[in-house]
Amino acid sequence: MKKIETICKTFLWTGGTYASKRALLSWDKVCPPKTAGGFHVLDIQIWNKAAICKLLWNLCRKKDKLWVRWIHLYYGKKQEVWDIKPRNASWIVQKIIKAKRYIEVVGVSMKEVAEWNYFSIKKCYNGMRGQLLTRSRLHAWGVAEEVNCPLCNEVEETIDHLLFKCRIAGGIWNKLLQWHGITRTSMEGQREIQWAEGKATGNNAHAQVYRLTLACAMYHIWNERNIRVFQEQQKTVEVIVSQIVQEITIRGSKNIKTEKRIAEIDYYM
């Protein structure tokens with residue numbers, strides 16, 4: 001796989017198969033879509049992972065294929081196929097079963113995957129590249145029936161709802177805004193980003209800490225969502241906010257200006 005990728009890199013920059021000069025950009029900057037500043041070149045390593053995920057889906061759906069039937073008969077007698085640990089199996093079988101971790105990264109549980117009527121490698125690939133697979137998006141693809149937000153279980157789960165409009169997410173944002181001393185309530189996603197672009201630009205400490213808060217909050221909200229889906233556990237808003245503030249404090253301590261700003265607004269309200 002790495003050799004194929006090397007050939008692709010060489011051809012992109014030289015037009016041939018023999019490297020004659022250094023690449024102008026790193027490969028991870030070439031592969032993203034044009035809207036993200038890349039050249040929309042296929043990342044074959046991620047595509048390969050998505051293709052392996054489809055093989056795991058075949059195992060989950062128990063398709064009428066000889067190799068699928070053989071694995072179920074030999075390894076999956078007493079548990080779900082994605083939970084088996086075939087230590088003595090070939091590296092190919094182990095690779096397929098371990099693909100569970102690739103699927104969970106994009107926010108989908110194996111139980112949901114096992115219910116899908118079809119599997120799109122391209123859509124899985126896009127999910128691995130950062131397009132969050134919310135229940136609303138999966139439902140639109142026709143591969144999932146459940147659409148409610150895992151946090152509030154009240155409204156259809158879209159990215160904007162999950163990260164900003166949700167009752168739980170809104171509670172998290174309001175406490176973080178209070179921590180920053182900002183006297184307003186949380187807004188929808190696009191308005192929050194526009195507010196940050198207008199009020200938190202530049203390299204001053206206030207702006208850096210706010211941008212750090214924005215990134216950490218979205219990460220922890222998505223992480224809490226996945227914990228509720230995969231582990232059926234949940235934390236309170238207060239605990240989540242505490243974890244966000246702790247991470248901001250740790251990351252901010254690497255810079256003198258941001259460390260001083262965090263100390264000014266206290267460790268936690």
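What covers the buried residues of helix 8? I looked this up in a predicted model, where local features need pLDDT of at least 70, side-chain atom pairs count only at pLDDT 80 or more, and totals for chains, interfaces and linings use all residues. Residues are numbered from 1 along each chain as its sequence is written, and side-chain values use heavy atoms, with hydrogens and water left out.

**Entry: helix 8**

I found that the cover includes helix 3 (44–61) and helix 6 (100–105). Contact here means heavy atoms within 4.5 Å; helices are DSSP runs (H or I, at least four residues), numbered from the N terminus. Helix 8 spans residues 121–128, and Cys124, Tyr125, Gly127 and Met128 are buried in it. Seen down the axis, these buried residues fall within an arc of 160°, so they line one face of helix 8. Buried means under 20% relative accessible area (1.4 Å probe, protein chains only). The arc is taken from the directions from the helix axis to the C-beta atoms.

**Entry: aromatic rings**

I noted 5 aromatic pairs in the structure. Rings of Phe, Tyr and Trp (its six-membered ring) pair if their centres lie within 6.5 Å; planes under 30 degrees apart count as stacked, over 60 as edge-to-face and the rest as tilted. Trp116 and Phe119 have ring centres 5.8 Å apart and planes at 35°, so I logged the pair as tilted. Trp116 is buried at 7% relative accessible area, and Phe119 is buried at 6%. Phe164 and Trp173 have centres 5.3 Å apart and planes at 10°, so that pair is stacked. Ring pairs also link Trp57, Trp116 and Phe119 into a cluster.

Notes:
Buried < 20%, exposed > 50% of the residue type's maximum accessible area, 1.4 Å probe, protein only. Helix = DSSP H or I, 4+ residues; strand = E, 2+ residues; numbered from the N terminus.
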